[in-house]
Amino acid sequence: QVQLVESGGGLVQAGGSLRVSCAASGRTSGSYAMGWFRQAPGQEREFVAAITRSGGSTFYADSVQGRFTISKNNAKNTGYLQMNSLKPEDTAVYYCAAVFYAGTSIMVLGKVAGYAYWGQGTQVTVSS
C-alpha cells in the first residue's frame with residue numbers, strides 16, 4: 001500500500017512559479033513510478049507529467065513541456081512538480097499518483113487508469 005499527500009499549492013500570478021510536493025508513505029518511492037494529473041472544474045482529469053520507477057525517464061503533456069519539471073527523491077520518499085511560467089489555464093487541482101510499474105510506456109504512465117494510488121489533490125490557482 002502507498003499513501004500519497006500533496007502540498008505546496010496556492011495562488012500565483014501568471015508568469016510565476018510554484019513547486020508542489022507529494023509525500024509517500026508505505027513502500028519506498030524507489031519501487032514505483034509517479035505521475036501528476038490535474039483537473040479543472042467541469043473537466044476531466046488530465047495527464048501532466050510522469051517519471052519512471054528508476055527516475056531515468058520523464059514524460060510531459062504538450063501543454064506543459066518546457067515549463068514543468070517532474071522529479072522524485074527516493075531517500076525522502078517524495079515527488080515534486082516544479083511549475084514555471086505559469087498560465088491562467090494551468091489553474092486546477094493537481095493530483096499525484098503512483099503505480100508499481102517497472103516499465104517506461106507512456107500508454108501506462110500517461111493514463112489515469114494506469115495508476116493504483118492517488119493523493120487528495122492540491123489547488124493551484126494562476127491569476128492573470
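Which two residues form a disulfide, and how far apart are their sulfur atoms? In this predicted model, where local features need pLDDT of at least 70, side-chain atom pairs count only at pLDDT 80 or more and totals for chains, interfaces and linings use all residues, Cys 22 and Cys 96 form the disulfide, with their sulfur atoms 2.0 Å apart. Residues are numbered from 1 along each chain as its sequence is written, and side-chain values use heavy atoms, with hydrogens and water left out.

The structure holds one disulfide, a term for a pair of cysteine sulfur atoms within 2.5 Å. The pair links distant parts of the chain, since Cys 22 lies in strand E3 (residues 18-26) and Cys 96 in strand E9, 74 residues apart; strands here are DSSP runs of at least two residues, numbered from the N terminus. Both Cys 22 and Cys 96 are buried, that is, under 20% relative accessible area, whereas exposed means over 50% and partly exposed in between, with a 1.4 Å probe and protein chains only.

The largest nonpolar core has 38 residues, and those with the most contacts inside it include Trp 36, Val 48 and Tyr 94. Its largest share, six residues, comes from strand E9 (residues 92-99). A nonpolar core is a set of buried Ala, Val, Leu, Ile, Met, Phe, Trp, Tyr and Cys residues joined through side-chain atoms within 4.5 Å.

Ser 71, in strand E7 (residues 68-73), counts as partly exposed because its relative accessibility is 30%. Leaving aside neighbours within four places in sequence, Ser 71 is in contact with Ile 51, Gly 79 and Tyr 80, where contact means heavy atoms within 4.5 Å.

Technical notes
Helix = DSSP H or I, 4+ residues; strand = E, 2+ residues; numbered from the N terminus.
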